[in-house]
Amino acid sequence: MMPGKRQAKRKASMPRTIGMVIFRILAIGVWIFALLIFVGGLSTDFLTCTIIALIIAFVGWMLWVVGDMIHDPEKIRAEQRAARAAKDPSIVLDEDNEHERKRAANGHWDGRANHGHAQPNDETSPALAGVEVEDGEALASAHRETGQSSTLARTISPSPIIIPPKTLSVSATRETETVSGSYPATIYVYDPRPILKLKEGRAEKISVVTRPITLKSRLNGRQWRSGVDDGYAVEYKGKPFGVLFNHIAVIHIRTILESGAKNVELVAMRQGWYQTGIPEIYVMVPTLEEAKESETGNASLKEYEQRQAYGADVAAATAIFRVSENNWNGPRIPDKGFIAFEATVEQLPVPEGSQAKPHFALKSGSALLSEITARSATAYFASKPLVGKRLKILVSRYYTSLTIEAYEI
């Protein structure tokens with residue numbers, strides 16, 4: 001090291017040394033204060049003074065630790081890394097290769113393996129932007145691949161090839177859904193006029209009102225307002241007359257509307273009179289078990305129609321595996337449904353002298369969607385037979401992971 005550099009380093013560390021001395025003086029002063037309180041407690045309230053002295057002593061210890069952190073933060077970080085490595089055997093500490101880690105971060109990777117430190121630089125390695133790199137070999141191979149021809153990297157498009165869904169003759173969600181079941185639920189009639197001509201014992205279809213309305217009871221004058229009060233208003237031939245308050249049916253209807261249905265119908269029946277001028281109306285709604293079965297069936301139908309739209313309703317998938325969302329570099333996958341890509345799987349070269357297993361790159365056009373390593377055992381062995389094949393992949397969300405379904409084209 002040159003004398004000038006050594007002097008610059010010494011000047012740069014002087015403020016840290018002064019800060020450490022100040023905090024240590026404060027810590028010693030606090031400890032002396034704690035000792036005085038403890039001694040005073042011997043002749044007064046021993047238990048209370050001891051507790052207070054311990055709390056003050058802890059504050060002094062924290063001041064001492066802060067002084068150490070100011071003086072030598074790298075030492076503290078090294079101790080923290082060592083503590084994490086003691087708890088997790090997969091963490092590898094390699095202080096000898098710190099220089100190579102810095103060279104790699106600056107885009108000067110020399111191809112040697114450097115476990116535990118290598119991280120991609122977004123500016124020098126666009127193919128790895130946003131991708132979780134699991135060890136040094138992945139970075140070495142990526143730098144070798146992107147660094148050989150910067151001209152080529154500038155001319156190819158990084159966008160993945162997205163396959164649009166086909167237009168279906170059958171809509172994924174029916175316009176009108178009919179709610180049925182084995183439980184008779186009462187409709188609370190607010191305005192009896194639209195249903196006075198309903199024949200007793202004859203099943204008629206009524207509709208759920210989805211537009212904002214207000215009903216006023218002709219019996220007691222109370223009001224019901226959509227979006228404010230519970231339940232769903234119902235109408236007969238376009239004229240609202242009452243409200244359904246059945247809890248299970250209300251949740252079931254809400255689920256149907258949220259899935260995309262425009263209209264929901266119920267099967268209603270008149271059975272006598274609630275009182276003079278007010279007909280008694282029942283609708284057949286599902287029990288909890290029937291509602292769950294119906295919702296599951298509708299979800300399965302919708303998923304089948306989505307697969308049909310992507311041409312994946314007949315052929316079985318060549319491979320199915322999952323990747324972490326952190327290891328996905330493509331477009332964001334929606335919470336429901338699929339995105340389809342045209343893709344290939346490539347085996348990445350292993351750096352010279354490395355004993356690590358080769359990584360696999362899931363690519364769409366020139367875009368790297370995900371890099372799969374042997375640490376993800378299921379995905380690794382599922383993707384290995386796909387190398388060199390032209391694929392269509394369906395990607396869907398599974399909690400914090402993404403499910404990849406690969407179909408050979």
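Which residue in S12 is the bridge partner of Ile-162? I looked it up, and Phe-341 is the partner. The model is a predicted one, and I read every entry here with that in mind.

**Entry 1: around S12.** I started from S1, which covers residues 162-163. S1 runs antiparallel to S12, residues 339-347, and two bridges join them. I then went looking for the other strands paired with S12. S15, residues 391-398, is one of them; five bridges join S15 to S12, again antiparallel. Within that pairing I found Ile-339 opposite Val-395 of S15. S13, residues 360-364, is also antiparallel to S12, with four bridges. There I noted Thr-344, whose bridge partner in S13 is Lys-363. A reminder to myself for reading side chains here: in a regular strand they alternate between the two sheet faces.

**Entry 2: whole chain.** I counted elements next. The protein has nine helices and 16 strands. It holds 409 residues, and 34% of them are buried. I checked how far apart in sequence the contacts reach. Of the contacts between residues at least 6 apart, 66% join residues at least 24 apart.

**Entry 3: His-252.** Is His-252 buried or exposed? I put the cut-off for buried at under 20% relative accessible area. His-252 has 3%, so the residue counts as buried. I placed His-252 in helix H7, residues 247-258. Then I listed what His-252 touches, skipping residues up to four places away in sequence. The list is Val-179, Pro-286, Ala-291, Ser-294 and Glu-295.

**Entry 4: the cores.** Which residues touch the most other members of the largest nonpolar core? I found Ile-206, Leu-244, Ile-253, Leu-266 and Val-283, in a core of 25 residues. H7 gives two or more residues to this core, as do strands S3, S4, S7, S8, S9 and S10. I took Leu-244 for a closer look. Beyond its neighbours within four places in sequence, Leu-244 is in contact with several residues, including Ile-253, Leu-266 and Val-283. Among its other contacts I noted Ala-185, Ile-187, Tyr-232, Ala-249 and Val-250.

How values were computed:
Residues are numbered from 1 along each chain as its sequence is written. This is a predicted model: local features need pLDDT of at least 70, side-chain atom pairs count only at pLDDT 80 or more; totals for chains, interfaces and linings use all residues. Side-chain values use heavy atoms; hydrogens and water are left out. Buried means under 20% relative accessible area, exposed over 50%, partly exposed in between (1.4 Å probe, protein chains only). Contact means heavy atoms within 4.5 Å. Two strands pair if DSSP finds at least two bridges between them. A nonpolar core is a set of buried Ala, Val, Leu, Ile, Met, Phe, Trp, Tyr and Cys residues joined through side-chain atoms within 4.5 Å.
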